[in-house]
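Reader: I would like to learn how to read a structure like this one. Please take me through some of its features.

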Amino acid sequence: MQESFFSFLGENLQTFLTYTGVYSATPGHLFMILVGLFFIFLAIRFEFEPMLLIPIGFGILIGNIPFKDAGLQVGIYEEGSVLNILYQGVTSGWYPPLIFLGIGAMTDFSALISNPKLMLIGAAAQFGIFGAYTIALQMGFEPNQAGAIGIIGGADGPTAIFLSSKLAPNLMGAIAVSAYSYMALVPIIQPPFMRLLTTKKERVIRMKPPRVVSSTEKIIFPIIGLLLTCFLVPSGLPLLGMLFFGNLLKESGVTRRLAETARGPLIDTITILLGVTVGASTQATQFLTLSSIKIFGLGALSFVIATCAGILFVKFFNLFLREGNKINPLIGNSGVSAVPDSARISQTVGLEYDPTNYLLMHAMGPNVAGVIGSAVAAGILLGFLG
Amino acid sequence: MIRKKTGVFLLLICLLSAGVEAQRVTSMRINEVLVINEDNFVDDYGKRGSWVELYNTSAGSVDIRGCFLTNDRNNPKKYPIPKGDVLTKIRPRQHVIFWIDEQPSRGTFHVNFKFDPDRENYIALYDADGKTLVDEVTIPCANGKEVSYGRTVDGHAEWGFLEKVTPSTNNLTLDTNDKIDNFRVNDSLGVGMTLTAMAVVFCGLILLYLIFKFVGKLSVTLSIRRAQKTDGSTVGQDVASGEILAAIGTALFELDEDVHDIENTVLTIQKVKRNYSPWNSKIYGLREIPGK
């Protein structure tokens, strides 16, 4: 009796052991946990995009706790689990438009309206998307997959998630993590290329201060912006519609409460859910593949191409502008969305060469144009390849 | 005023309803019909018979309960599709089969009329009001052959005898993505996509640039005119710039406060010493006694 009791206990303990994370752990899980810890370290130690990296980093830890696949509805890929339900916002693509609503409600388009030619920089920087698309095709990705990967170059996390959920859902985890990681690493990626492609003389170009923009102009901007961009590219409607709607809430002056909710509690809630679930979707068994590594490489490349395209375009544009109207090419990098980090980098690098030349306001123009440009580009890719 | 507001509200409702219409019964189409069925699809009772396939062309679910199917032009309400059956809700781009077997007691999807295999047949779908015709088709006589008559592609206008009988599935099997295949074959380098997409992005933002350049100029002109009307001055764009206004404001402030030193044309900031400040007053550090 006693012997059988102990053997019963032993068998149960053995069974229990098979359910523990220690038993199911693989080197892949441990590697991904290290990646998650690295993200958290970067966010806390260097304050690199903490709002993104903390949720994503912790999400990676959550997603890579190994467990026995016994239908316990624990993992993010198990239908009906809590994480899976939260992940629906990513897979069905309704988190990104809500994020765009909040971005619209917090963005001041004054810099862009006062100097609308800066919009063209935002357009030029989208070359990063299509440069990466071309390279991805050469690396053997299908056109739809290449489109989803290329959008990383738009430096816009929500857009990347939205498009990849439509074009290549199986690559979405890698694309989302790659997009957000490189957005956080913009302060490291962009400055060397900004210095490489500009001369000392160009770096100290002073731009005219932006004029005061009337409230009427601010109100009609989202309306015309929506009508024009969405009539041109209707597939960009979910993102552009919400972006401009959020901006109208802000600028109309009569929906202050709605605007505050959109740019405050709503965007915070969605950012938390999006970050954690995207992080958790990087389960080692699903995530650690050769494709993911290629996507990370292509993501970095697309950021570099976008940065260079923006800077070179400004240099080219300056050839046609009169003295006094010239644009400082250091704001070319901010044509990639990554609001407002890339604009801050223009400011920081500009101050290194002329401590009294403040470029932030000017850089915000192409920066927000980049958001519009990347959403339009996503719409085009969706229209062509969806 | 209230009437005006109500009018605007009703107009909005009407406009919105027009948009909703696209997701309603009007999106349903008669998609395929098989009149002679001797060796084909069987119903839940294991019986073979004529059937008609309806197709939801819209991107939203459509509930066809309360609508009517008929083979008689003079009697649009011949077979009312029963209410209370969840299966009458058709998902986007999906099909549903109705058995034309004159056996309505067998369930929702068995109608109360039959086709005549020896001549031309007619079938129509009417909206729940029994008046609005949603779709109709006249099926040519198949001359004894067991072939279905349907749209060559689901929901499209062209009809004909189909090569394969395809109940509850696409009339034209879609096993490839033409768009992607097209790009794979004709644009393997991605140059076409890059040029097209960059052109579209530039077009969009150039248009936005042109519009806002015009709007900006208009706004500046209007503000100058407004300023001239108000005080008769000739305030120009350069004078009204933020930096100059700030400089003027600072100068006026310093003049009022008398903190400017005696050197002309030099703007300096002097430290003003004050022994008393509200910040170091103990009075402000104490709590007020609640009022009685």
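Author: Start with one pair of residues. I123(B) stands opposite V137(B) in strand 9 of chain B. Strands (E, at least two residues) and helices (H or I, at least four) are DSSP runs, numbered from the N terminus. This is a predicted model: local features need pLDDT of at least 70, side-chain atom pairs count only at pLDDT 80 or more, and totals for chains, interfaces and linings use all residues. Residues are numbered from 1 along each chain as its sequence is written, while chains are lettered from A and ligands numbered from 1 in the order in which they are written.

Reader: How many bridges pair strand 8 of chain B with strand 9 of chain B?

Author: The general idea comes first. Strands of a sheet pair through backbone hydrogen bonds, either parallel or antiparallel. Here, two strands pair if DSSP finds at least two bridges between them. Strand 8 (residues 121–126) of chain B and strand 9 of chain B are antiparallel, with six bridges. They form a hairpin with six residues between them. In the turn, G130(B) has a positive phi of about 75 degrees.

Reader: What is the order of the strands in the open sheet of chain B?

Author: The order is 5-4-8-9, four strands with antiparallel pairing. Strand 5 (79–80) and strand 9 (133–139) of chain B are at the edges. Each has a single partner strand, so one side of each lacks a neighbour in the sheet. Strand 4 (residues 68–70) of chain B joins strand 5 of chain B through two bridges, again antiparallel. There, F68(B) is opposite P80(B).

Reader: Is strand 1 of chain B buried or exposed, and which strands does it pair with?

Author: Count neighbours. A residue is buried if 20 or more other C-beta atoms, placed from the backbone, lie within 10 Å of its own; it is exposed if 12 or fewer do, and partly exposed in between. In strand 1 (residues 28–34) of chain B, seven of the seven residues are buried, so this strand is largely enclosed by the rest of the structure. Strand 1 of chain B pairs antiparallel with strand 2 (residues 51–56) of chain B over six bridges. I30(B) faces L54(B) in that pairing. Two bridges also link strand 1 of chain B to strand 10 (residues 149–151) of chain B, in the antiparallel sense. E32(B) has G150(B) as its bridge partner.

Reader: At what angle do helix 13 and helix 19 of chain A pack?

Author: Axes are lines fitted to C-alpha atoms, for helices over the stretch in contact, and angles run from 0 to 180 degrees between N-to-C directions. Helix 13 (residues 186–196) and helix 19 (residues 290–318) of chain A pack at about 40 degrees, with axes 10 Å apart. That makes helix 13 of chain A oblique to helix 19 of chain A. Angles under 35 degrees are roughly parallel, over 145 roughly antiparallel, 65 to 115 roughly perpendicular, and the rest oblique.

Reader: Which residues meet there?

Author: Contact means C-beta atoms, placed from the backbone, within 7 Å. I189(A), Q190(A), F193(A) and M194(A) of helix 13 of chain A meet residues of helix 19 of chain A, including F303(A) and I311(A).

Reader: How many residues of chain B are in contact with chain A?

Author: 32 residues of chain B touch 38 residues of chain A. Helix 3 (191–231) of chain B gives the most to the chain B side, with 21 residues.

Definitions and conventions
Two residues are in contact if their C-beta atoms, placed from the backbone, lie within 7 Å.
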